[in-house]
Amino acid sequence: MATLKKSKKSAKPKITIKKKVVKATKKGKKMSGEVFYPSKQVLEEARLKDWDKLAKSAGKDLKGFWEAEANELEWFSKWKKVLDDSKKPFFKWFTGAKVNIVHNAIDRHLKTHRKNQLALIWESEDGKEHRNFSYYAMNREVTRMANIIKSMGIKKGERVTIYMGRVPEIVFAMLACAKIGAIHSVVFGGFSVDSLAGRIEDSKSKLVITCDGSFQNGKIVQLKSIVDESLKRCPSVENVVVVKRVNNEVNMEEGRDHWYHNLCEQPIAEGKCETEQMDSEDPLFILYTSGSTGKPKAILHTHGGYMVGTYATLKYCFDIRDDDRWWCTADPGWITGHSYLVYGPMINGATSFMFEGGPAFPEPNRWWQCIERYGITIFYTAPTAIRGLMRFGDSWPQKHDLSSLRLLGTVGEPINPEAWKWYHRVIGDNKLPIIDTWWQTETGAFQIAPLPVTPLKPGSGTKPFFGQEAEIVDENGKPVADETEGYLVLKNPWPSMLRTIYGDDERYVTQYWSKHPGKYTTGDSAKRDKDGYFWIIGRVDDVIKVSGHRLGTAEVESALVSHPAVAEAAAIGLPHDIKGQAIYTFVLLRAGKVASEELAEELRQHVATHMGPIARPEEVRFVDKLPKTRSGKIMRRVLKARAQGLPEGDISTLEE
């Protein structure tokens, strides 16, 4: 098969960036620290050349800015009100409007030159399989999947759990659910039985869409077996649709389980499927994210606001164009995959590349090989991946022609300056801007991020997106001085914001709006420098970010305590060169149980079995007691200090 690599002649002109330090000036204003300024070429080629002008305009007229963005998309009927904030913090956007995100991601493109443009390019982990889908073909596949889902009795507003590997069918399934008005709940294919079962139970899904298995570093992940085990405690599920991917033998329960390829050949899959007209505030999907309590939070996003937010943020921050080959390396099981692998690029009419495998299998040049082969123009990945690839040195990427790239991006966690500079120097050839984005599952879209024309500081996400105001406050909610660490809060509502925690409005208010009334509590600590640039430091609640994935300490602790040898446990996140954070655990054994390295390994594997390999602790440390407050709360900051040999701070509230 012919490759899709663009010739050097047709590749986009290179965006270059000039580095100036400390003394560099812009419009007469000195900026502090190490600053990388956009070149004259960047400024000339960028569609939006003046960040400040639009930022000021959006700041003065928040509703007007977002209404203008919404007007660039198609609606079945327009809104009566851009923003309804009468029942804060339950904000509503584009109220009264009728829309469907799939109409803007697919349907409207079929009437334009984009009809035969590639929407999705896919390559298998081993590089032997390639599948390409134009917008026309994407419509055909999504329609067929939608017809099948409807044949399973799924109606508007009902939940469908999607638990798959990184294959095109996961995109079809998400879009098909949205097309008919069903609510999709995608569960990352790395989660195991307990995590999957809990999410199915909470959402009360009637249908699960999965694969017979998936590939991970040359090994098969037994997705269907995990589904089978999960469904033993999920009575709401009536049907399971199974996509054949790895061709291994799996159990197929008669009447419940159906092969997708067989369903595609039946009359139920044929014919048109009209895109359902949804209210702007109708639910689009729920996505579970770990919190500081044991039960993951089901974040709810809606059709209208989420659509406008993902469209505008990708359009501006990455200056995305029809002829871009966009590669977001995230799995669709995470919000980054939802917003910037599936929905955002398609609403913008770009071409998305999806790769089944990871960055270093079978060799550490696998991603660079894909960039060269397909002429990728914009590459968006996690600092964890960058740090991991950095370990292998410069020679691997230097084997490949990366000249098609015009922009780089990062997501998932703060990027340390050393990794930023390596990414800029080696992958960006000292020329490409790095769009460092800060946002969350809850925000749905970027909240702090630069544009290609923004002067950059390694490690800073720069400034809030248009229409947003961010603030650093202390424990009492009062703004702190520049260069002072505090709590990051967002002051303004935005269209792609979560609407609630599914089925738990009270928890939504408590979690996000109670600590600093009137402001959205992000749960992150940060500081702002004298130039107004924001620097994210990390989580302040009991959440550990491992390789960009959020894991609740309570979930890890619950998994440990479910082992018969464990009486009590505490989990913390400590800095890790590759993962960003790694999980360290402290375990009190039950009477009669003896600590050993064999038991520690058994406990590590026990957590991995219950939560998935991503949650496997880096270390299990056996202790006689845990530091607790008099009310019984484990003081994890004390454990962190002890583990790193740092001062323990105020311990006056300890039990003893």
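**Notes on a predicted model**

1. Asp-319 sits in the loop between helix H10 and strand S20 (325–328). Helices (H or I, at least four residues) and strands (E, at least two) are DSSP runs, numbered from the N terminus. Asp-319 is not a glycine, yet its phi is positive, about 45 degrees. Its relative accessible area is 6%, so Asp-319 is buried. Buried means under 20% relative accessible area, exposed means over 50%, and partly exposed lies in between (1.4 Å probe, protein chains only).

2. A word on the basis of these notes. This is a predicted model, in which local features need pLDDT of at least 70 and side-chain atom pairs count only at pLDDT 80 or more, while totals for chains, interfaces and linings use all residues. Residues are numbered from 1 along each chain as its sequence is written, and side-chain values use heavy atoms, with hydrogens and water left out.

3. Asn-247 also has a positive phi without being a glycine; the value is about 60 degrees. Most residues other than glycine have a negative phi, and most peptide bonds are trans. The loop that holds Asn-247 runs between strand S15 (239–243) and strand S16 (257–259). Asn-247 counts as exposed because its relative accessible area is 57%.

4. Two cis peptide bonds deserve a look. One runs from Lys-88 to Pro-89, with omega near 0 degrees. Pro-89 is in the loop between strand S5 (81–84) and strand S6 (92–95). Another joins Phe-361 and Pro-362, with omega about 0 degrees. Pro-362 belongs to the loop between strand S21 (351–355) and helix H12 (366–374).

5. Now helix H10 itself. His-303 lies in this helix, which covers residues 303–317. His-303 counts as buried because its relative accessibility is 0%. Contact means heavy atoms within 4.5 Å. Neighbours within four places in sequence aside, the contacts of His-303 include Val-99, Asn-100 and Ile-101. Ala-178 and Met-278 are also among them, as are Asp-279, Ser-280, Asp-282, Pro-283 and Leu-284.

6. Next, a hairpin. Strands S30 and S31 form it, with two residues between them. Ser-547 in the turn has a positive phi of about 50 degrees. S31 covers residues 549–552, runs antiparallel to S30 and is joined to it by four bridges. Two strands pair if DSSP finds at least two bridges between them. Ile-544 stands opposite Leu-551 in S31.

7. The side chains of S30 (residues 543–546) split into two sets. Val-543 and Lys-545 point one way, Ile-544 and Val-546 the other, and all are buried. In a regular strand the side chains alternate between the two faces of the sheet.

8. Finally, the whole chain. The protein has 19 helices and 34 strands. Its C-alpha trace spans about 75 × 70 × 55 Å along the principal axes. Of the 656 residues, 61% count as buried. Residues 24 or more positions apart account for 70% of the contacts with a separation of 6 or more.
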